[in-house]
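Please read the points below alongside the sequence and the coordinates. They are meant as a colleague's notes, to be checked residue by residue.

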Amino acid sequence: MRKRKAGTGSIAPATQEVTRVRTPRKENHEVLATVGSLLGSKRVTLQCMDGIVRMGRIPGSKNKKMWIHEGDVVIVAPWEIQDSKADVIWKYTRPQVEWLERKGYLK
């Protein structure tokens, strides 16, 4: 067994600095939303910033990569056929949410 040398471990800084944040694209009809509750079977209840409560679906490509919990801030793309449903596109981290609040994207 190899012994670890002192000082070789990297310690993450206490605060992460946000350099770039993805914002909703209006030309793609994307909206910011907060996850209200988890419904199971890759479905969530979303409180969107445009005032509509939608049922969101987590696509299969993002299902295992993106762990979503209640209270998370996400970007959703409403369906063109049914406006009461949407697909979850992006999930923000805590520093990114704080940046969005400072810049006025979140109410």
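This is a predicted model: local features need pLDDT of at least 70, side-chain atom pairs count only at pLDDT 80 or more; totals for chains, interfaces and linings use all residues.

1. Residues are numbered from 1 along each chain as its sequence is written, and side-chain values use heavy atoms, with hydrogens and water left out.

2. Five strands close into a barrel with mixed pairing, in the order 1-2-3-5-4. From one strand to the next, the twist averages 55°. Strands here are DSSP runs (E, at least two residues), numbered from the N terminus, and two strands are said to pair if DSSP finds at least two bridges between them. Axes are lines fitted to C-alpha atoms, and angles run from 0 to 180 degrees between N-to-C directions.

3. Strand 1 (residues 31-40) runs antiparallel to strand 2 (residues 43-48), and six bridges join the two; within this pairing, Ala 33 has Cys 48 of strand 2 as its bridge partner.

4. Strand 5 (residues 85-91) runs parallel to strand 3 (residues 53-57), to which three bridges join it, with Ala 86 of strand 5 as the bridge partner of Gly 56. The pairing of strand 5 with strand 4 (residues 73-78) is antiparallel and extends over five bridges; in it, Ala 77 is partnered by Asp 87 and Ile 75 by Trp 90. Strands 4 and 5 form a hairpin, with six residues between them.

5. Is strand 4 mostly covered or mostly open? Six of its six residues are buried, where buried means under 20% relative accessible area, exposed over 50%, and partly exposed in between (1.4 Å probe, protein chains only). Both faces are covered, with Val 73, Ile 75 and Ala 77 buried on one side and Val 74, Val 76 and Pro 78 buried on the other.

6. Glu 30 deserves a separate look, and its place is in the segment before strand 1. Glu 30 counts as buried because its relative accessibility is 7%. The side chains of Glu 30 and Arg 22 are joined by a polar contact of 3.1 Å, that is, a pair of N or O atoms within 3.5 Å, of which, within protein, one must be able to donate a hydrogen and the other to accept it, residues adjacent in sequence counting only if both atoms are side-chain atoms. A polar atom of the Glu 30 side chain also lies 3.0 Å from the backbone nitrogen of Arg 25. Leaving aside residues up to four places away in sequence, Glu 30 touches residues including Thr 23, Pro 24, Ile 75, Val 76 and Ile 89, contact meaning heavy atoms within 4.5 Å.

7. How many aromatic pairs does a search of the whole structure find? The search finds one, formed by Trp 99 and Tyr 105, which are stacked at 6.0 Å centre to centre with 20° between the planes. Rings of Phe, Tyr and Trp (its six-membered ring) pair if their centres lie within 6.5 Å, and planes under 30 degrees apart count as stacked, over 60 as edge-to-face and the rest as tilted. Tyr 105 is partly exposed, because its relative accessible area is 40%.

Technical notes:
Helices (H or I, at least four residues) and strands (E, at least two) are DSSP runs, numbered from the N terminus.
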